[in-house]
Amino acid sequence: MPPRTALTVWPLEGIPEIEAGADLVDLIARAAAGDLADGDILVVTSKIVSKAEGRFVTADDREDAITAETVRVVASRTSPTGFTTRIVENRLGMVSAAAGVDASNTPEGTVLLLPLDPDASARAIAAGLRERLGLRVGVIVSDTLGRAWREGQTDHAIGAGGVQVFEDLRGGTDAEGRPLVVTMPCVADELAAAADLVKGKASRRPVAVVRGRGDLVGGLDLPGARSIVRPLERDMFRVGADEAYAAGFAAGAASVSG
């Protein structure tokens, strides 16, 4: 494995409020102001991609939009105050709260959906920047997600263009010479989380640059972030604990009564 340089992460300043039809390649190139280099990875918040793609829908009730984006309900909980949280699989295969539907910083009476195809969006931005700047850069589209068994949220990669999303260490050895059998870090998620440390959630800095992992930048035909989603047949936690218990209880009761 080649030696690595230090990792540097910084936000791009000066990107305006995004409207439908905005040219993200032009806006990012202008904000970068010549500071990009071969091997840089740009992490772009999914919200500005969705806005540029016009992914607004009219929805007086956000819950209706969540239902429309839901493929499968994993778990649902209602708090003592009456607020219901739904963990669902959305049309992109991702399992998250509220199917990624966002009601913050959107026009009154609308909500914002995730990009239609985040991988295609990431590839298009990467291709545009490569052509305009003459640099081999990669792009990650990120979104904020929770994690099973852990409180809080971090940013994850939901789209990738020209970036390896995994660093496959299987077949190598650890520092003690023992074989690595299952070690495959999801570097796209790690880069997305690192970028969020400088972007922030309310600072209007939706794009960050990560420098120092040019070894991960490659062709635009590399597998995208959709490859990170675990296939259903390997999913050990298809439903929430309460939902699994209820289904098992109902099946048992039906067998007894039958």
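**Reading contacts in a predicted model**

Me: In what kind of contact do the side chains of Glu-63 and Arg-86 meet?

Reply: The side chains of Glu-63 and Arg-86 meet in a salt bridge, 2.8 Å from N to O, the term requiring a side-chain nitrogen of Lys or Arg within 4 Å of a carboxyl oxygen of Asp or Glu. The two residues belong to distant parts of the chain, Glu-63 to helix α3 (residues 62-69) and Arg-86 to strand β5 (residues 84-90), 23 residues apart; helices (H or I, at least four residues) and strands (E, at least two) are DSSP runs numbered from the N terminus. This is a predicted model, in which local features need pLDDT of at least 70 and side-chain atom pairs pLDDT 80 or more, while totals for chains, interfaces and linings use all residues. Residues are numbered from 1 along each chain as its sequence is written, and side-chain values use heavy atoms, without hydrogens or water.

Me: Are Glu-63 and Arg-86 buried or exposed?

Reply: Glu-63 is partly exposed at 27% relative accessibility, whereas Arg-86 is buried at 17% (buried is under 20%, exposed over 50%, partly exposed in between, with a 1.4 Å probe and protein chains only).

Me: How many salt bridges does the whole structure hold, and which parts does the one between Asp-102 and Lys-47 tie together?

Reply: The search finds 14 salt bridges. In one of them, the closest N and O atoms of Asp-102 and Lys-47 are 3.0 Å apart. Asp-102 lies in the loop between β6 (95-97) and β7 (110-112) and Lys-47 in helix α2 (residues 46-52), so this contact ties together parts 55 residues apart in sequence. Asp-102 is partly exposed at 23% relative accessibility, and Lys-47 is buried at 17%.

Me: Which residue forms a salt bridge with Glu-243?

Reply: Glu-243 forms a salt bridge with Arg-77, their closest N and O atoms being 2.7 Å apart. The pair links Glu-243 in helix α6 with Arg-77 in strand β4 (residues 70-78), 166 residues away in the chain. Both count as partly exposed, Glu-243 at 24% relative accessibility and Arg-77 at 33%.

Me: How is a pair of aromatic rings described, and how many such pairs are there here?

Reply: Such a pair is described by the distance of the centres and the angle of the planes. The count here is one aromatic pair. Trp-149 and Phe-237 are edge-to-face, 5.0 Å centre to centre with 80° between the planes (Phe, Tyr and six-membered Trp rings pair with centres within 6.5 Å; under 30 degrees is stacked, over 60 edge-to-face, the rest tilted). Trp-149 sits in the loop between β8 and β9, and is exposed, with a relative accessible area of 73%.
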